[in-house]
Amino acid sequence: MMLFTSCENTSTAKKDHLVFRYNEHANITSLDPAFAKDQRNIWPCNQLYNGLIQLDDELNTQPDIAKSWEVSNDAKTYTFQLRKDVYFHEHSIFGAQKTRKVTAKDAVYSLNRLTDSKIASPGSWVMQQVKNISAKNDSTLVIDLKQAFPAFLGLLSMKYASIIPTEMEELDFRKSPIGTGPFHFKRWEANEKLVFRKNELYFEKDKNGNQLPYLEAVAITFLPDKQSEFLQFAQGKIDFLSGLDPSYKDELLNAKGELQPNYQQRIQMLRAPYLNTEYLGLYLDYPSPELNSQKLRQAINYGFDRHTMITYLRNGIGTPATSGFIPKGLPGFSDATYYEYNPRKAKKLIEDFKKETREQNPTISISTNASYLDLCEYIQRELQKVGLQVEIDVMPPSTLRQQRSAGKLAAFRASWIADYPDAENYLSLFYSDNFSPQGPNYTHFSSETYDEIYRQSLELGDLEKRIPLYQQMDSIIMTQAAVVPLYYDEVIRFTQNEVEGLGINPINLLDLKRVKKLKE
């Protein structure tokens, strides 16, 4: 018995370098790419599916299932030529052959289902500018737009736009998700584990002509809290940890953002700019004299030190957001400084507000979830020093999202992570036609000048010509202080030493097709 057990453990150890393990504390709600709304669902979908195009780590568009494409002179018609060597994951629904090649009809089906009312995909907006999608033949796809939209290719890189077979209409995504990705579905044990296996039919190869992926499997667990997740990582039971949670940040990093000595030889750390702006949103339609006052909104922006906040509450991870809403690392980001820490100016603006409104005890309420309570409490203390009372309302993330969309929160902690690599994605949050709950304008900011510049930018195909307009819009937002940018985030990843080839990118997409685990 002892010999048998020893042999079994040895066998498992030999295969361990072929399995990549990570934890998803927020659980995974769907493997249908039409519901790949947030990171917990996007990451597994990225292992199962391909789209027409993909982004490299510098966010440049690259071929995927589409090997090439052409854009008409009026920028309204996109013609894609599809690869002829892309096969779906094996499944009995394809009959005796167990698989088949991807065709343009699959792409038509996949993209059209995003706007199918029966599906009710949160990604329906991706097709907002699309007039028609058609298959010219098995390998030629044509997409006609209602109007020119320069960021359209970026939209097609999103997991919402993944290609699935037309046969999926008859299958359940929880039991049989079928794509073309580097890994295929193996099993899903609710609240315990999700397992993918290597796709032996995968079409991509590395630069030496070797077939991808290198790994044999991906195993995802569902421990519900980040402290438990960190303990699993520290014990070497999972291979990868993403982000920095307050529960373990001081254990891993010092105030300069460097690994603590006892981890320097054990793990690797990767850092890069993240297309994510963390901010306080101010709902301008809220019945509050404080939020209706531009001076008081500006005072909030001046009233706390973002550098101190990053150093002591984020262990140096992130860049203080003093340069607008567009994050660092995205074309359109400006080096202009809008709101450096200036408590004297903040105090003067609050005193002016008191004189104008005769409101002697101005108060605002900030809603947040527990993960960002420390940041909000810091802002609360600093603003109270300059004469503004702050109340903090802590609620579950789902409640926060619902009430923010419904316009029930005066001020709220939020983040905007780029859906696609174009500053238009950030600036759309302040376009009048996008008022929540129908759109992402949660602040209900409205400006005719802003709207006109926004529309002008959509007509320009040349990014270099759009950038000055993007910066002009960003300036309007900041001057009128519709939001309080806190910091431009960083992607931070920790891996075990034997993990190689993970890489890092500004949208924090988990791509495992080039990952290897070296034998110890």
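A disulfide is a covalent bond between the sulfur atoms of two cysteines. This is a predicted model, in which local features need pLDDT of at least 70, side-chain atom pairs count only at pLDDT 80 or more, and totals for chains, interfaces and linings use all residues. Residues are numbered from 1 along each chain as its sequence is written, and side-chain values use heavy atoms, with hydrogens and water left out.

Cys45 has a relative accessible area of 0% and Cys376 one of 1%.

Next, follow strand 16, residues 411-417. Strands here are DSSP runs of E with at least two residues, numbered from the N terminus. Five of the seven residues in strand 16 are buried. Two strands pair if DSSP finds at least two bridges between them. Strand 12 (residues 267-282) runs antiparallel to strand 16, with seven bridges, and Tyr279 sits opposite Ala414 of strand 16. Strand 14 (residues 363-368) pairs with strand 16 in the parallel sense over two bridges, with Ile366 opposite Ala411.

Finally, visit Glu490 in strand 17, residues 483-496. Glu490 is buried at 16% relative accessible area. Leaving aside residues up to four places away in sequence, Glu490 touches several residues, including Arg271, Tyr274 and Gly316; contact means heavy atoms within 4.5 Å.

Technical notes
Buried means under 20% relative accessible area, exposed over 50%, partly exposed in between (1.4 Å probe, protein chains only). Helices (H or I, at least four residues) and strands (E, at least two) are DSSP runs, numbered from the N terminus.
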